[in-house]
Amino acid sequence: MFTLLPRRTLLIGAAASTVAAALPARAAAAAPIRAIGFDGFPIFDPRGVAARVKAIVGDKGEAFAAQWSAKLFGYSWLETAAGRYRDFRTTADAALRHTAAAMQVTLSDAERAALVGAYDALDVWPDVRPALETLRGAGIRLAFLSNLGADTLTANMRRNDIAHYFDPPLSTDRVSAFKPSPKAYAMALDAWDISREQIGFAAFGGWDAVGATWFGYRTAWVNRFGVPAEPLGVEPAITSRGIEGVLALAGLA
């Protein structure tokens, strides 16, 4: 025999069921960050490349560096969209040759090699070391998840004596697809064998923050140059001018 319950009781019960059903999703969203993938440039200061360009190119150096960077990323996106891949050094050299031709700048083979090699000799940003110490002290695993080659990432880690903070680098050479390809972001899932809800990502470029957020990572955009956000209807979890945003993402600030 069934007993009819008052409508208010039924509504309360239904609401409670709805909240209970939502709890697993909330719990997943609030899962603690256990590992963080870093783009290269929240850690390494890319201005060293521009400085090297100015030293070699001279008066046109600033414009040359900006055009070379834009062409480099344009080529990386073009190749990924077409399902093709060449490593970062090869892509950087192709972009460099195009920029030199477009700007009517003559570069010797040695000068081209020196400019591409500037990516192997970057300094860390001043706020990096204390943050890495805090993150590793909290037991959070760290790795670079970058379009840079593993040899370039390793050279910069050793140069700055920070390799001991990081797991082996996750270069896009592993999957033959530059970010923002989902294949690139998925490297962290394979490397750490944990859920994406437990993985954070630290982006330098706004486009990378968008790509990682689309993939499902909680993302800190380390917007060091204060550039405008990408108006694509998606926002990173945290935006900051420095590495403190990564600490906040991990619940450590």
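## Helix crossing, aromatic pairs and backbone exceptions

The axes of α3 and helix α4 (residues 88–103) cross at roughly 130° and come within 8 Å, which makes α3 oblique to α4. This is a predicted model, and the structure holds 15 aromatic pairs. The points below take up the helix packing, the aromatic rings and some backbone exceptions.

**Packing of α3 and α4**

- Two packed helices are described by the angle between their axes and the distance between the axes.
- In handedness, the crossing in which α3 passes α4 is right-handed.
- The contact on the α3 side involves residues including Phe 64, Trp 68, Leu 72 and Tyr 75, which belong to a set that meets α4 residues, among them Phe 88, Leu 96, His 98 and Met 103.

**Aromatic rings**

- A pair of aromatic rings is described by the distance of the centres and the angle of the planes.
- The rings of Phe 44 and Phe 144 have their centres 5.2 Å apart and their planes at 15°, under the 30 degrees that counts as stacked, so this pair is stacked.
- Because Phe 44 lies in the loop between β1 (35–38) and α2 (47–57) while Phe 144 belongs to strand β2 (residues 141–146), the pair ties together parts that are 100 residues apart in sequence.
- Phe 44 has 0% relative accessibility and counts as buried, and Phe 144, at 0% relative accessibility, counts as buried too.
- For Trp 68 and Tyr 119, the ring centres are 5.9 Å apart and the planes stand at 75°, so the pair is edge-to-face.
- This second pair links distant parts of the chain, with Trp 68 in helix α3 (residues 61–81) and Tyr 119 in the loop between α5 (109–117) and α6 (128–137), 51 residues apart; both Trp 68 and Tyr 119 are buried.
- Phe 44 and Phe 144 also belong to one aromatic cluster, which they form with Phe 38 and Phe 166.
- A charged side chain meets a ring where Arg 196 lies over the face of Phe 215, at 4.2 Å from the ring centre.

**Backbone exceptions**

- Most residues other than glycine have a negative phi, and most peptide bonds are trans.
- The peptide bond from Lys 179 to Pro 180 is cis, with omega near 15°, and Pro 180 is placed in the loop between β3 (170–171) and α8 (182–185).
- Gln 104, although not a glycine, has a positive phi of about 55°; Gln 104 is in the loop between α4 and α5 and counts as exposed at 71% relative accessibility.
- Asp 193, likewise a residue other than glycine, has a positive phi near 55°; Asp 193 lies in the loop between α9 (187–192) and β4 (199–203) and is exposed, with a relative accessible area of 69%.

Key. Residues numbered from 1 in each chain as written. Predicted model: local features only at pLDDT ≥ 70, side-chain atom pairs only at ≥ 80, totals over all residues. Heavy atoms only, no water. Phe/Tyr/Trp six-rings, centres within 6.5 Å; stacked < 30°, edge-to-face > 60°. Helix = DSSP H or I, 4+ residues; strand = E, 2+ residues; numbered from the N terminus. Buried < 20%, exposed > 50% of the residue type's maximum accessible area, 1.4 Å probe, protein only. Lys NZ or Arg CZ within 6 Å of the ring centre and 35° of its normal. Axes fitted to C-alpha atoms, helices over the stretch in contact; angles between N-to-C directions. Parallel < 35°, antiparallel > 145°, perpendicular 65-115°, else oblique. Left-handed = near helix turned anticlockwise from the far one by under 90°. Contact = heavy atoms within 4.5 Å.
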